[in-house]
Amino acid sequence: EGGKIHKWSELSLAKHIRLYYKLGSTGYKFLLDEGFPFAKIRAIQEHVSRISVEPGILHFIVLR
């Protein structure tokens, strides 16, 4: 808030990403607007865009 830049840990960011995809952008934005201390949507988008994936079948997936 107020232009502050926050460096999220990988664990915190992973939790925020899971929450974002479970709630959807509207639900996640609602919680942000209510003051919950979550990563901004743009931070999530930037982090996900840097994930490198190769074409093909994913044989190893961790579900939590």
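## Aromatic pairs and salt bridges

Searching the whole structure turns up four aromatic pairs (rings of Phe, Tyr and Trp, the last by its six-membered ring, with centres within 6.5 Å; planes under 30 degrees apart are stacked, over 60 edge-to-face, the rest tilted). This is a predicted model, where local features need pLDDT of at least 70 and side-chain atom pairs pLDDT 80 or more, while totals for chains, interfaces and linings use all residues. Residues are numbered from 1 along each chain as its sequence is written, and side-chain values use heavy atoms, leaving out hydrogens and water.

Let's begin with the rings. Tyr-20 and Tyr-21 pair edge-to-face, 5.1 Å centre to centre with 85 degrees between the planes. Tyr-20 is buried at 12% relative accessible area, whereas Tyr-21 is exposed at 55% (buried is under 20%, exposed over 50%, partly exposed in between, with a 1.4 Å probe and protein chains only). Tyr-28 and Phe-38 are stacked, at 5.6 Å and 25 degrees. Tyr-28 sits in helix α1 and Phe-38 in the loop between α1 and α2, so this pair ties together parts ten residues apart in sequence (helices are DSSP runs of H or I, at least four residues, numbered from the N terminus). Ring pairs join Tyr-20, Tyr-21, Tyr-28, Phe-36 and Phe-38 into a cluster.

Now for the charged side chains: there are two salt bridges (a Lys or Arg side-chain nitrogen within 4 Å of an Asp or Glu carboxyl oxygen).

| Salt bridge | N to O distance |
|---|---|
| Lys-29 and Asp-33 | 3.0 Å |
| Glu-46 and Arg-42 | 3.5 Å |

Lys-29 and Asp-33 lie four residues apart in helix α1 (residues 10-33). Glu-46 and Arg-42 are four residues apart in helix α2 (residues 41-49).

Terms used
Helix = DSSP H or I, 4+ residues; strand = E, 2+ residues; numbered from the N terminus.
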